[in-house]
Amino acid sequence: MKVEVDPDSCIGSGQCALAVPEVFDQDETSGGVVLLDASPPAELHDAVWESIGRCPVQALSADEPAR
């Protein structure tokens, strides 16, 4: 899995960082998403898909189909 973020779309809701703090964080200044791990381990894939679904502006994506 390769995770991508569209920083221009991000509104800083923080849902991704709450769902998977191992993969996403928030910038302390802008509040926007910070991608910590673009290729997370398999055991985090379900949580990453959950965070992608939580994003209110669809600023997150991944290169493999959801399960």
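The model is a predicted one. Its protein chain holds 2 helices and 4 strands, arranged along the sequence in the pattern β-α-β-β-α-β. The radius of gyration of the protein chain is 11 Å, close to the 11 Å that the globule rule gives for 67 residues, so the chain is as compact as a globular protein of that length.

**Overall dimensions and surface**

- Taken along the principal axes, the C-alpha atoms of the protein chain fill a box of roughly 30 × 20 × 15 Å.
- Of the 67 residues in the protein chain, 31% are buried.
- The protein chain exposes about 4,000 Å², and carbon and sulfur atoms supply 46% of that area.
- Among contacts in the protein chain with a separation of 6 or more, 51% are accounted for by residues 24 or more positions apart.

**Helix α2 and its packing**

- The buried residues of α2 are His-45, Val-48, Trp-49, Ser-51 and Ile-52.
- Viewed down the axis of α2, these buried residues fall within an arc of 160°, so they line one face of the helix.
- An α-helix has 3.6 residues a turn, so residues three or four places apart point the same way.
- The elements against which the buried residues of α2 pack are β1 (3–5), α1 (15–19), β2 (24–26) and β4 (60–62).

**Ser-51**

- Ser-51 lies in helix α2, which spans residues 45–54.
- With a relative accessibility of 0%, Ser-51 counts as buried, because the cut-off for that class is under 20%.
- Leaving aside residues up to four places away in sequence, Ser-51 touches Cys-16, Ala-19, Val-20, Phe-24 and Leu-60.

**Cysteines**

- A search of the whole structure finds 0 disulfides.
- Cys-10 is in no disulfide, and the nearest cysteine sulfur to it, that of Cys-16, is 6.3 Å away.
- Cys-16 is likewise in no disulfide, its nearest cysteine sulfur being that of Cys-10 at 6.3 Å.
- The pair does not count as a disulfide because the sulfur atoms would have to lie within 2.5 Å, whereas the sulfur of Cys-16 is 6.3 Å from that of Cys-10.
- Cys-10 is partly exposed, with a relative accessible area of 23%, whereas Cys-16 is buried, with a relative accessible area of 9%.

Definitions and conventions:
Residues numbered from 1 in each chain as written. Predicted model: local features only at pLDDT ≥ 70, side-chain atom pairs only at ≥ 80, totals over all residues. Heavy atoms only, no water. Buried < 20%, exposed > 50% of the residue type's maximum accessible area, 1.4 Å probe, protein only. Contact = heavy atoms within 4.5 Å. Arc of directions from axis to C-beta. Rg over C-alpha atoms; globule rule 2.2 N^0.38 Å. Areas by Shrake-Rupley, 256 points an atom, 1.4 Å probe, with all protein chains shown as cover.
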